[in-house]
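Visitor: I am new to this structure and would like a friendly tour. Could you show it to me first?

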Amino acid sequence: MTELLVTALTCEYRTNPMGIDAASPRFGWQLRSDRRGTVQKGYRLVVAEASAGFEAPVWDTGTIESDRSVQVAYEGPALQPRTAYAYRVKLWDGEGRESEWSEAASFETGLMGGAWQAEWITPAADAIDPQTEASFLLRKAFELRGGIVSARVYATAAGAYELYVNGQLASEDVLAPGWTSYHNRLQYQTYDVTALVREGGNGIGLLLGDGWYRSGIGFEGKNFKYGERRAALAQLHVRFADGSETVVATDGTWKASTAPVVYSTIYHGETYDARLEQDGWSESGFDDAEWAAVERYEPAVGTIVAQENWPTRVTETLAPIAQFVTPAGALVLDLGQNMVGRMRFTVKNAPAGTTITLRHAEVLDKDGNIYYGNLRPAKQIVKYIAKGAAEETYAPHFTFQGFRYVQVEGYPGQENGLPLELFAGEVLHSDMPRTGEFECSDERVNQLQRNIQWGQRGNFLDVPTDCPQRDERLGWTGDAQVFIGTALFNFQGGPFFTKWLRDMQAEQLPNGGIPFVIPDVVGGDSSAAWGDAAVICPWTTYLYYDDLRLLEEQYGMMKGWVEYIRSQGDDEFLWNTGFHFGDWLALDAKENSWVGATPRDLIATAYYAYSTRLVRDAAAALGKQEDAAAYGALYDNVVRAFRDEFVSPNGRIASPTQTAHVLALAFDLVDEPMKSRVARDLNDLVVDNDYHLTTGFVGTPYLCFALSNNGYHDTAMKLLLQESYPGWLYSVSKGATTIWEHWDSIKPDGSFWSDDMNSFNHYAYGAIGEWMYRKVAGLDMDASVPGFKRLRFEPLFGAGKLTHARAAHETMYGAAESAWRVDGARIEVRIRVPANATAEVVLRGAAAAGTTENGAPVSDAAGVTVVRETENGLVLNVGSGEYAFAYENADLFRVTFTEHSKLCDVLSDPRGEALVKQHVPELFQGPAINFVSKSSLKQIAENGMLRVPKESIAKLVEALAQA
């Protein structure tokens with residue numbers, strides 16, 4: 001058995017990608033080793049044309065002494081367009097072991113910016129009305145000789161399209177070419193159709209619909225269209241054994257007709273009339289004599305680029321779990337999950353002209369009727385008109401819905417019930433590999449994690465949308481930036497955010513401002529926390545994937561945003577002008593307002609500081625030392641101005657809101673001793689509100705971090721586990737299967753928050769996931785070493801509220817995992833560090849003496865270095881491998897004799913009981929305490945029955961001193 005393996009080869013984040021345009025693609029690989037502490041010492045990477053083999057490489061790095069195994073850029077001769085390449089890797093580790101060559105992986109270049117031979121075409125206007133709601137069919141017949149080696153189609157559209165070759169759908173992609181800033185950028189796709197073409201007669205066809213391009217996108221009466229006419233661009237390249245090539249491209253010789261898709265838009269749904277089907281329309285022998293001519297037409301689109309994002313595909317199929325008749329008499333299917341996608345169904349022996357209507361909705365009202373109110377003008381209606389065949393199957397082509405419930409009308413025999421086996425929900429989203437897992441001992445929290453992931457799947461449909469059901473579905477920047485840390489943990493988001501950030505860069509305003517939504521279809525000013533996505537998203541993507549190239553590419557946009565802010569304020573270092581969303585949907589908002597009570601200039605200036613700091617850090621990472629110094633100085637000035645404006649000399653925040661305190665802590669805007677005061681005040685605000693939050697979109701993502709990072713993890717845990725409104729588990733208690741837009745989208749009495757803005761699939765509050773993974777499970781990165789090259793494990797056990805938790809993440813280096821279990825006073829912690837990575841481990845409450853790893857003293861464990869003992873616990877350095885630590889939980893939960901005397905002093909004071917109830921309420925969850933008799937307290941402590949963290953005792957002592 002080989003001890004050292006090279007596996008999981010990737011090129012530009014993908015396995016064997018096809019149709020990439022990167023002139024210098026980046027490679028990555030993972031190590032597999034049977035030994036702990038494995039690090040790569042060197043590697044050799046060879047790239048060759050696939051047809052030539054590795055005996056004639058185009059680039060051979062030779063032996064490179066380096067531990068780098070991610071984002072390794074190609075540095076060989078210029079790659080040729082439309083060419084298949086193979087590559088392989090071998091490596092050496094720090095112990096001198098040499099691996100075998102990896103299995104060969106591949107990548108294939110696309111057009112690489114070359115000129116298109118194809119022409120844009122659309123049906124001739126004098127034959128088919130360009131404004132028709134029907135989709136178009138475009139086709140051409142052609143002949144091929146024998147000896148076919150390969151066939152590729154490069155295609156795109158002003159609209160949305162499906163490609164057919166010889167009657168077969170050429171790809172699983174849905175809603176191609178995806179949604180970009182069409183006026184600036186348009187993606188094309190590459191399809192391998194070698195298996196679909198043949199010697200002799202062939203046919204190629206395109207089904208062309210509106211998609212995002214012409215559907216009419218927006219809200220509040222906006223109906224933005226990129227253009228009024230749809231068009232297609234495609235070329236087929238067929239290579240033969242003798243090296244020659246034939247090209248079949250869109251031009252004036254193609255023919256056109258209208259399609260059975262007689263109506264289709266993103267928001268409103270689709271109508272399909274099967275009676276209008278033309279069998280064989282994309283095959284060679286089809287008679288198209290009655291079809292219309294096409295004409296050349298240049299749509300208003302920008303630069304055509306290769307596919308960047310993961311394609312949108314059907315990733316899962318859900319069977320209905322039930323059908324029922326509502327009190328209003330509607331027949332409804334229940335998919336059991338609020339999902340995004342489409343319904344596929346089959347009907348048998350339906351008379352021609354039979355119209356089957358599906359109406360999609362997310363929830364039922366309190367009376368049990370299907371609820372459409374929150375859709376606003378969006379209809380979400382699909383209609384199928386049968387052609388009278390023995391069996392007909394249909395799913396929409398150019399639309400998607402957000403739904404759990406489907407009202408069915410017109411299905412033959414439905415008065416006797418529907419055949420559930422003939423209906424299926426097809427889940428649609430960008431086909432991102434799943435990379436994150438989380439589970440714990442509380443099933444409610446596990447459901448919350450499922451809701452977070454379902455919310456991401458539903459809203460990461462080519463762009464990070466705010467909701468998938470109503471007349472919006474837009475790439476709101478604020479939602480994306482607060483959620484990106486959670487998003488990148490759960491799914492591989494490198495290509496997803498690369499594509500979206502390039503659209504953002506293209507849409508940046510000349511003054512550096514960032515529109516509210518990307519792609520920009522609604523206009524609007526630049527708002528703090530929304531426009532800051534231009535800095536936060538590139539930086540977070542860099543941290544997750546060590547993607548320095550993307551950071552470099554986006555750096556100009558990042559700087560431009562900070563300079564925009566600098567130019568806005570009356571004071572250079574405060575942002576106190578312009579429009580801002582503020583703490584959107586915060587619960588401390590004034591009546592009839594969607595904006596929370598935290599002053600908008602406080603939020604804006606806090607984000608000004610945060611984005612400036614990140615630009616400083618990005619400059620340093622890119623080696624731009626002058627910029628790093630300049631933005632470091634600007635950051636210091638903004639922080640100073642924030643303190644002067646919003647923080648008293650003794651550390652009181654000017655605004656008594658949770659969000660104001662959260663931002664001051666999360667963005668490091670206050671130092672000790674002010675930080676302790678601000679943290680204590682934040683904790684008091686939460687405790688005084690009976691462990692409920694009042695934060696909105698701005699404060700919520702950072703709330704639990706601000707508490708846990710400043711000694712109030714118990715309070716953060718109580719917030720997480722709060723089942724009453726408002727809290728994350730409130731929606732779980734109401735049966736939610738995704739994240740809601742409002743904490744009370746459904747009120748305790750079953751009524752709704754509002755029809756106006758009440759999405760039941762709105763991922764922003766799912767940002768709590770990042771805290772669950774990093775703090776509860778303890779799986780984190782050392783941000784000074786991007787890409788999880790250096791991990792950090794520090795589980796916070798939650799003072800007995802959970803008995804176990806686990807998180808796993810597939811990093812660029814391989815699987816990382818953190819899991820812990822508490823059994824009485826015993827704690828077990830398991831971690832996994834991928835090869836070629838290292839980690840710091842903090843075992844809360846542990847000491848070197850008494851801590852074991854796999855049953856042996858930790859000091860003797862291979863791959864483990866005991867660094868130091870601290871007040872919080874034991875700090876270790878570990879190499880790659882799997883580790884199992886165990887220790888008695890004495891220092892963390894049981895009151896030691898030293899701490900016992902301090903606690904006795906507090907409890908002896910007349911104010912002690914009130915302070916305990918405020919700061920350490922868990923004391924009252926155990927045995928009753930005699931506040932008069934110190935001896936009884938001592939006995940309880942000695943018996944290990946009194947559980948309270950040392951940090952809490954310190955807070956009690958401090959609180960007593962200040963009382």
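Visitor: What percentage of the 963 residues of the protein count as buried?
Guide: First, a word on what you see: this is a predicted model, in which local features need pLDDT of at least 70 and side-chain atom pairs count only at pLDDT 80 or more, while totals for chains, interfaces and linings use all residues. Residues are numbered from 1 along each chain as its sequence is written, and side-chain values use heavy atoms, with hydrogens and water left out. Buried means under 20% relative accessible area, exposed over 50%, and partly exposed in between, with a 1.4 Å probe and protein chains only. By that rule, the buried share of the 963 residues is 62%.

Visitor: What radius of gyration does the protein have?
Guide: This radius is taken over C-alpha atoms, and the globule rule is 2.2 Å times the number of residues to the power 0.38. For 963 residues, a compact globule would come out near 30 Å, and the protein agrees, because its own value is 30 Å.

Visitor: How many helices and strands are there?
Guide: Both are DSSP runs numbered from the N terminus: helices are H or I with at least four residues, and strands are E with at least two. Counted this way, the protein has 19 helices and 47 strands.

Visitor: Which residues of helix 9 are buried?
Guide: Helix 9 covers residues 658–666 and is mostly covered, with eight of its nine residues buried. The buried ones are Gln658, Thr659, Ala660, His661, Val662, Leu663, Ala664 and Leu665.

Visitor: Which helices do the buried residues of helix 9 pack against?
Guide: Here we look for contact, meaning heavy atoms within 4.5 Å. The partners of those buried residues are helix 7 (600–621), helix 8 (625–646), helix 10 (674–688) and helix 11 (700–708).

Visitor: How many disulfides does a search of the whole structure find?
Guide: A disulfide is a pair of cysteine sulfur atoms within 2.5 Å. The search of the whole structure gives a count of zero.

Visitor: How far is the sulfur of Cys537 from the closest cysteine sulfur?
Guide: That closest sulfur belongs to Cys467, and the gap is too far for a bond. Cys467 counts as buried because its relative accessibility is 0%, and Cys537 is buried too, with a relative accessible area of 0%. The distance between the two sulfurs is 18 Å.
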